[in-house]
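Subject: Handing over a structure, with notes

Dear colleague,

I am passing this structure on to you, and I would be grateful if you could look through it alongside the notes below.

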Amino acid sequence: MNRMDNIQPYSVLAVDDNLLNLTLIEKTLTKEGYKIYTADNGPDARKIALEKQPDLILLDIEMPGENGFDVIKLLKDNLETTAIPVLFLTGVSEVDAKLRGFELGAVDYITKPFHPQEVLARVRIHLKLSIATNSLIQAQAGKLRQVTAAQEAMLPQPKDFPHAGFSVYYKALQEAGGDFYDILNISQNITGYFVADSSGHDIETSYMTASVKALLAQNCTPVYSPVESMKLINDVLVEILPPGKYLTACYMHLNRSTMKLTIVNAGHPPVVFMPGGGEPELIRSQGDILGMFSDAGFGRISLTVSPGDRFFIYSDGLVESAENKITWATGADSLLPVFAGLKDVDRDRAPETLIKELFGRNAQPEDDIVLLCVEV
Amino acid sequence: MDFEGLASRLGIDKEDFLELTELFITTTQSDIDKIRRGVDGNRPSDAAAAAHSIKGAAGNMGFEDMAEFARKIEFQGKEGRFDGVDAWADEMDALLNRLRESMANESYG
């Protein structure tokens, strides 16, 4: 919210067991346009901090009962008050108290006896710092949101590929998601479907996504077989990826003229195959990950398909749970009954329906998820 | 007493300073009484706590003499002693009375 829209003053919570000190601070800061809350003891101070969320706290150290150190520790331990800057009031010669205050998370101190104009000056400085820090955080979050938007713009939508016969669910947990998919119009009747999961969720990952998209466009052509395309892409990635970065991927190549389908697997979870009207099954194949080994070998499976057959390619976020120690090697089997329930669900609604079935309406997945449904 | 000058030194107006002085007189009288009860009851830490409170408030208001007596009492209290405390408490009472007189003159003046 923009403060200027509502003329909402900055607020300061002053905490001191000395009523005169509190009144002096209150008078000084109120006249300069600040909203002041006061407390003469620790528990009241914490209650006000929680309820009113002041922009800054002035905290006396020497108070009976819960002293200033106790209060700042409890404020910093509470997620709802931990970000509020605390300035403490302390005697001029109390070096140990100052050091302990800083250790506990205070941003500055004011020595007692204090001059009201010094209090005002320090309040202003620390509010400016706090505003600058918050602006920086907002700016960084804004840039990351731009990355998200750019990344999502790279993800093809079904309406833009009417002949590809696919639907998709895509969800990035963080601004720079690690999952990625692409649809490739290799020729009039040949379509490539690519799903990858890269190690990491950082900005570097989003650049990697752009690189892989360019490599797919260059190498998934009628000239190369699906395995050759993946090998070429792997060789470039081995050269350009920083240490520790790699991808698991599945590339599915569908020729609607010959009704031949080829799946190339690079360390990715198995594809789910649902024959038209039949029971779902897993298509397992071994293969090395992309971008790690120059002599990588990929699993390859070819099938003859029929109209109405469906294939689901997905990232490990669909089946893995760090919380429940489930990996896709074991988790994929448990998916099959859920896929069986999609027989009568339209292709366009299948991914969303499956996600709701697996995670419920409000549950939060533990990782990025991409789920691609391809219908022959 | 130069209330105008003391107020100016704190960067506040005289009216606010007089209001704060009223509050100071009330709280300090209460704290001096606590010091005396601390001495009578042989509770030096109580005397030190009350003196600490006077020291901070007097220092902030610019009442240096009062702050200095309070500092001495606080020191003695923290050391567990009462040497000189009665006499310094008397001095503080006297300073507080002079402050009351000045406030009264201000009201009638």
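The notes that follow go from the conventions to the contact between the chains, and then to the chains themselves.

This is a predicted model, in which local features need pLDDT of at least 70 and side-chain atom pairs count only at pLDDT 80 or more, while totals for chains, interfaces and linings use all residues. Residues are numbered from 1 along each chain as its sequence is written, and chains are lettered from A, with ligands numbered from 1, in the order in which they are written.

The contact between the chains draws on 15 residues of chain A and 15 residues of chain B, where two residues are in contact if their C-beta atoms, placed from the backbone, lie within 7 Å. On the chain A side, helix H2 (19–31) and helix H6 (116–153) each supply at least two residues, and the largest share, seven residues, comes from H2(A). Helices (H or I, at least four residues) and strands (E, at least two) are DSSP runs, numbered from the N terminus. By class, that side of chain A has six nonpolar residues (Ala, Val, Leu, Ile, Met, Phe, Trp, Tyr, Cys and Pro), three charged ones (Asp, Glu, Lys and Arg) and six polar ones (the others, Gly among them).

Chain A also holds an open sheet of five strands in the order E2-E1-E3-E4-E5, with parallel pairing; two strands pair if DSSP finds at least two bridges between them. Strand E2 (35–39) and strand E5 (108–112) of chain A are the edge strands, each pairing on one side only. Strand E4 (residues 86–91) of chain A is joined to E5(A) by five bridges, and A:Gly91 has A:Lys112 in E5(A) as its bridge partner.

Elsewhere in chain A, A:Thr248 lies in strand E9 (residues 247–255). A:Thr248 is buried because 22 other C-beta atoms lie within 10 Å, the cut-offs being 20 or more for buried, 12 or fewer for exposed, and partly exposed in between, with C-beta atoms placed from the backbone. A:Thr248 and A:Ala196 are 52 residues apart in sequence, yet 5.5 Å apart in space, C-alpha to C-alpha. Leaving aside neighbours within four places in sequence, the residues in contact with A:Thr248 include A:Ala196, A:Asp197 and A:His268.

Chain B, finally, has five helices and zero strands, and of its 109 residues 34% count as buried.

With kind regards
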